Number of protein chains: 2
Amino acid sequence: MTDRGGSPTKVADGASTDAKIPRTERGRRTLRKLLDASAVEFGEKGFHEASVSSITRRAGVALGSFYTYFDSKDALFRALVADMSENVKSSARSALVPNMSALEIEQAALAAFLDFAREHKEIYRIIDEAEFVDPESYRAHYETIADRIRARLEAGSAAGEFRTGLGELEAWAVMGMNVFVGLRYAVWSDNEDVRTSVEIAGAVNALLANGIAKGD
Amino acid sequence: MTDRGGSPTKVADGASTDAKIPRTERGRRTLRKLLDASAVEFGEKGFHEASVSSITRRAGVALGSFYTYFDSKDALFRALVADMSENVKSSARSALVPNMSALEIEQAALAAFLDFAREHKEIYRIIDEAEFVDPESYRAHYETIADRIRARLEAGSAAGEFRTGLGELEAWAVMGMNVFVGLRYAVWSDNEDVRTSVEIAGAVNALLANGIAKGD
């Protein structure tokens, strides 16, 4: 996000559930500034300590403009969770290139997620806080990701690359691997680990492809 | 825990970090009642809304007795997180029987965890809230589990059952699978899913053993 030196992210469609939809390009930029500033504010202070006035100050936006887009701090938080879900999705999508194998798609999606989490370390704290501030958003976040992974696993089975019978359970398992590897290596990483996102995703991919049992 | 109709759990050693150690059997029972009551209270209300007086009321223990064992609500919360970590560990251990293969150990440990989480659904909320209330406990909880899984993976490699080169990254991946499968099938389970913990752990075990790539 712009405040953290990263590249600015688009306003995700998902954010419009709780934000009023801007009609102009300038309005879209204002909404983006508010979402980015709120990510920093919620990430640093947590939901309860965060304040709308501090968010508008960080965003360089007038307090009145805030209420053009959001009814409350709660509405902004929900919009931010939806926006982060959407940005995780689009960052994974943008890492895909034509003719990738199903396994290559899993690796590229994870590497893109790790890059995203390294740049936006606050995402874990914000999604995790949603469990308490807005349990529906929290559950929707993971159910949506699991649905997407399941669709990829089923496509891989249909293409003959993955074994058959993969479904929801395997999707939740893959999501859990990715989330915890991200927590350890993108968010809690110490500087001693010099592996790139692609290398880490490659190690996870080897586990996912062939498991841990010794081959014959 | 006794309050939820399950069997009473022992006072874990880990709980003594923040609780004063009882010298008598009666003291141990009082401490156990306080920890069990606090799990229900923190699980239902969250840390901030939970109160010491409500916890002692649930426990049927005098308020003065609380301060015999804990300095504060914070100390109780830390002790509870350590106690839950310890109970997860001992429930997994008690599921092991002699001469299990390394894969069977993973399956039994996960099945035991799923049973534990079904009976103590509040564990997710409490551990997750530790990220905000006591970040060190939160990190220690997962680092400790990851260390234990890593030791099991290395033992499986040494025994020739698992491939070599498994380490911290694979341990975090396995932990993530287990945590998210537990969230979905033990905590968020709807009644439509009638699979037992052993069946769910078996499906995860198949994924862990051989991965998802189609065999030749």
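Contact here means heavy atoms within 4.5 Å. By that rule, 44 residues from chain A and 44 residues from chain B take part in the contact. The model is a predicted one, so to speak of local features takes pLDDT of at least 70 and side-chain atom pairs count only at pLDDT 80 or more, while totals for chains, interfaces and linings use all residues. Residues are numbered from 1 along each chain as its sequence is written, chains are lettered from A in the order in which they are written, and side-chain values use heavy atoms, with hydrogens and water left out.

How much area do the two chains bury between them? The figure is about 4,200 Å², with carbon and sulfur atoms giving 70% of it; buried area is the accessible area (1.4 Å probe) that two parts lose on being put together, summed over both. On the chain A side, the residues that lose the most area to chain B are A:F180, A:W188 and A:I212, which together make up 20% of what that side buries.

Polar links turn up here too. Between chain A and chain B there are 18 residue pairs in polar contact, both residues at pLDDT 80 or more. Such a contact is a pair of N or O atoms within 3.5 Å; within protein, one must be able to donate a hydrogen and the other to accept it, and residues adjacent in sequence count only if both atoms are side-chain atoms.

Which helices of chain A supply at least two residues each to the side that touches chain B? They are α6 (122-133), α7 (135-158), α8 (168-187) and α9 (197-210), where helices (H or I, at least four residues) are DSSP runs, numbered from the N terminus. The largest share, 14 residues, comes from α8(A). Sorted by class, that side of chain A has 28 nonpolar, four polar and 12 charged residues. Ala, Val, Leu, Ile, Met, Phe, Trp, Tyr, Cys and Pro count as nonpolar, Asp, Glu, Lys and Arg as charged, and the others, Gly among them, as polar.

Two of them are found across the interface of chain A and chain B. In one, the side chains of A:R184 and B:E168 meet at 2.9 Å, N to O.

Finally, the two copies: chain A can be laid on chain B with an RMSD of 0.0 Å by a turn of 180° and a shift of 0.0 Å along the axis, superposed by least squares on the C-alpha atoms of residues with pLDDT of at least 70 in both. The copies are thus related as by a two-fold rotation axis.

Methods: Salt bridge = Lys/Arg side-chain N within 4 Å of Asp/Glu carboxyl O.
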